[in-house]
Amino acid sequence: MSRQTGAVLEGARRRDFTQVVAERGVIVCTGPGGVGKTTAAAALAIAAARRGRRTLVLTIDPARRLAQSLGLRELGDEPHPVAGVDGLDAMMLDMKRTFDAVIDRHAPDPRRAERIKTNRFYTQLSDSLAGTQEYMAMEKLYELHASGGYDCLVVDTPPTRSALDFLDAPKRLTDFLEGRFLKLFLSPGMSAGRAIGRVAALSSGLFLKVASRVTGADLLEDLGEFFASFEDMYEGFKYRAQAVYRLLGSHTCAFVVVTSPETPALREARYFLQRLAQDGMPTAGLVVNRTTPALPAALSGLDGKSVPAAVSRLNEGGPEQRAAGALLRLAVDRASVHRRERQAIAAALHGVDPKALVEVPLMATDIHDVAGLEELGAYLVRA
Amino acid sequence: MDIGSLLDARLLIVTGKGGVGKSTVAAALAVAAARMGRKTCLVEVEGRQAFSRLFETAPWDFTEREFRPGLWGLSIDPDASLAEYLEMFYGGRRLSQLVVSSTAVEFATAAAPGIKDVLLVGKVKEMERRRDVDGRLHYDLIIVDAPPTGRIVRFLRAPEAATELVGVGPIRSQAQQVVDLLLNGQRTQVLLVTLLEEMPVAETVDAVAALRELGVNVGPLFVNRVLQERFDEQSRKALADDLEPAELTALLAEADLDLGDLGLEAASALRDLGMAHLRRLELQQQMREVIERELDLPTIELPYVYGAELGSEAVTMLATEFAQVMT
């Protein structure tokens with residue numbers, strides 16, 4: 001580790017998320033899958049609510065883990081007050097309903113909206129078009145923010161493989177909808193809108209010839225209509241997508257990257273931090289969950305050399321001796337894991353400034369209630 | 001079901017909640033299978049380059065390469081898979097290259113739901129069916145590092161969805177063959193990886209139910225990163241009952257280990273470490289019981305390897321463990 005990285009990390013370790021929960025209007029928790037994004041989001045939301053701010057935590061996680069960690073049996077798609085935390089609501093994103101609302105808002109008339117919503121591709125689009133879920137999450141976030149009902153919105157992001165898909169999602173969706181390829185498909189030289197339903201007229205394209213041989217013609221007809229129906233909505237989508245992107249890039253917003261100390265997760269976290277910086281997004285810090293803390297100061301004198309001999313002597317003895325031997329081994333292993341984790345973190349953050357770096361030790365039990373979330377929150381917000 | 005028969009399958013699909021180490025398990029299984037003389041291919045479908053890092057090879061792509069004796073690997077991406085598919089049907093590189101333009105796959109993805117997944121699984125099916133000139137099957141075993149449990153059902157259901165959506169034509173028959181492969185319990189097993197922690201276990205229980213509903217054969221459950229017990233029954237009891245810091249300090253001194261001025265404080269810190277460890281072991285045990293109660297699946301426990309997370313050491317060690325349970 002270079003001296004410079006070391007200094008940056010030491011500075012970052014002294015900071016936390018106190019200001020973020022006290023001031024920011026939107027907090028986005030992002031990071032690789034399975035590292036505790038949802039619990040981090042819930043813990044930050046509780047901290048914001050405890051400061052007297054009207055707070056909503058929004059999850060898009062289909063596994064309903066937030067519900068689990070908030071001690072709720074179910075999370076509806078309407079804000080739902082969290083028992084035991086004044087001023088905190090929780091809700092889960094309902095993809096289908098959000099998408100329906102987007103169509104209703106952008107479609108030129110209800111008849112057109114209805115036609116889109118009954119198209120057989122529509123219902124599956126959310127699953128198949130990369131980034132749709134992320135787009136809808138940001139859409140909902142924007143809507144909630146614009147409605148002004150909350151002082152602070154905390155959201156987690158889906159564990160997408162390509163890390164920050166949600167940043168690209170609005171752009172991807174609009175690029176896709178107005179894409180060159182799509183126009184080629186809809187018909188050469190004709191604007192998409194005028195092509196509604198006239199698939200026969202369009203099938204002169206080389207691609208269409210291939211495509212209809214591969215898939216059958218009726219499929220293409222539905223598809224043509226589907227995309228044509230979208231044409232009137234391009235502008236609306238694009239405008240909205242830009243507004244979402246502006247909100248995310250403003251200082252109302254804060255990004256918290258969450259990871260675990262395993263190398264693959266750290267590698268992704270590094271990419272997230274770099275990507276956020278590159279897009280000029282306001283990064284608030286990095287949370288490394290499930291870390292192995294350093295041994296307590298009283299044990300820092302345990303040295304690796306004298307322990308093995310003591311352990312073998314103790315292992316010859318009675319139950320108490322063997323217990324003492326096992327404790328020594330445990331302590332030495334723990335210290336070594338801690339050192340390796342620190343090295344991995346430093347290596348992953350080489351040349352990257354995480355702003356704040358909070359290492360949360362692996363809890364003795366899983367978090368599944370407000371008390372557990374507050375325990376986690378005490379690491380994220382120390383003041 | 002018998003764990004030993006695991007390697008009799010033709011296709012193993014490995015999944016698990018994010019962060020549980022499914023890639024490590026997939027890699028270790030592949031190493032173990034190759035060591036046991038099976039011509040094996042390890043497949044990556046999410047383009048994360050986890051295996052090229054793990055095995056310290058050049059980045060993986062659509063070309064199958066033998067990176068260890070008897071062990072091949074490739075990374076399937078939908079673009080390359082689509083190009084290959086079109087070439088197969090329509091010959092002519094020019095056409096397939098035209099179609100596989102920058103937005104073509106994006107288009108295809110939206111055009112037929114899940115077609116990306118169909119293309120990925122379709123390539124796996126092609127590999128599974130491939131025969132050498134002498135008529136023998138090219139690979140003995142194919143191991144896929146599949147998407148995580150949150151997406152696995154959608155991934156495996158994609159071919160069936162394609163058959164429902166596309167009535168006729170080559171895509172339909174292709175997709176049907178893929179469905180046949182996935183639902184054939186003799187040829188295909190889906191393996192889940194979990195940790196002995198609440199959320200991964202809860203997700204595993206849900207995933208097993210959904211996978212069984214889909215009709216796939218769910219193979220043994222791999223329980224990763226199991227903490228070592230470290231205490232035998234008597235010493236655990238000694239610790240849990242009343243091992244006072246003063247007594248512990250004395251025991252350590254007898255074994256020539258001097259904790260220095262901080263003796264008592266150090267001993268009580270040691271004791272706390274031990275008690276926290278026992279609590280985690282207890283949680284592990286509870287999770288084992290949940291798995292036993294909720295899932296009718298044999299389990300294979302894999303020890304936590306200190307600091308060797310997703311390293312080739314861990315893979316080699318796990319492969320050795322597998323070789324023991326599978327023979």
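At what angle do the axes of helix α15 and α17 of chain A cross, and within what distance do they come? Before answering, I note that this is a predicted model.

**Entry: α15 and α17.** I found that helix α15 (residues 263-278) of chain A and α17(A) have axes that cross at roughly 30° and come within 9 Å. Angles under 35 degrees count as roughly parallel, so α15(A) is roughly parallel to α17(A). I also checked the hand, and α15(A) passes α17(A) in a right-handed crossing. On the α15(A) side I listed A:T263, A:L266, A:R267, A:A269 and A:R270, and they meet A:A344, A:I345 and A:A348 of α17(A). By class, I get five nonpolar, one polar and two charged residues in this contact.

**Entry: α16 and α17.** Next I turned to helix α16 (residues 306-315) of chain A, whose axis comes within 7 Å of that of helix α17 (residues 319-348) of chain A, crossing at roughly 155°. That makes α16(A) roughly antiparallel to α17(A). Here the crossing is left-handed. From α16(A) the contact includes A:V307 and A:L314, and from α17(A) it includes A:L328 and A:V332. I sorted the residues of this contact into seven nonpolar, three polar and two charged.

**Entry: domains.** Last, I looked at how chain A is divided: domain 1 covers 3-165 + 244-295 + 353-380, and domain 2 covers 299-340. Their contact takes four residues from domain 1 of chain A and seven from domain 2 of chain A. On the domain 1 side I noted three nonpolar, one polar and no charged residues.

How values were computed
Residues are numbered from 1 along each chain as its sequence is written. Chains are lettered from A and ligands numbered from 1 in the order in which they are written. This is a predicted model: local features need pLDDT of at least 70, side-chain atom pairs count only at pLDDT 80 or more; totals for chains, interfaces and linings use all residues. Domain bounds come from an automatic or database domain assignment. Two residues are in contact if their C-beta atoms, placed from the backbone, lie within 7 Å. Ala, Val, Leu, Ile, Met, Phe, Trp, Tyr, Cys and Pro count as nonpolar, Asp, Glu, Lys and Arg as charged, and the others, Gly among them, as polar. Axes are lines fitted to C-alpha atoms, for helices over the stretch in contact, and angles run from 0 to 180 degrees between N-to-C directions. Helices (H or I, at least four residues) and strands (E, at least two) are DSSP runs, numbered from the N terminus. Angles under 35 degrees count as roughly parallel, over 145 as roughly antiparallel, 65 to 115 as roughly perpendicular and the rest as oblique. A crossing is left-handed if the near helix is turned anticlockwise from the far one by less than a right angle, and right-handed if clockwise.
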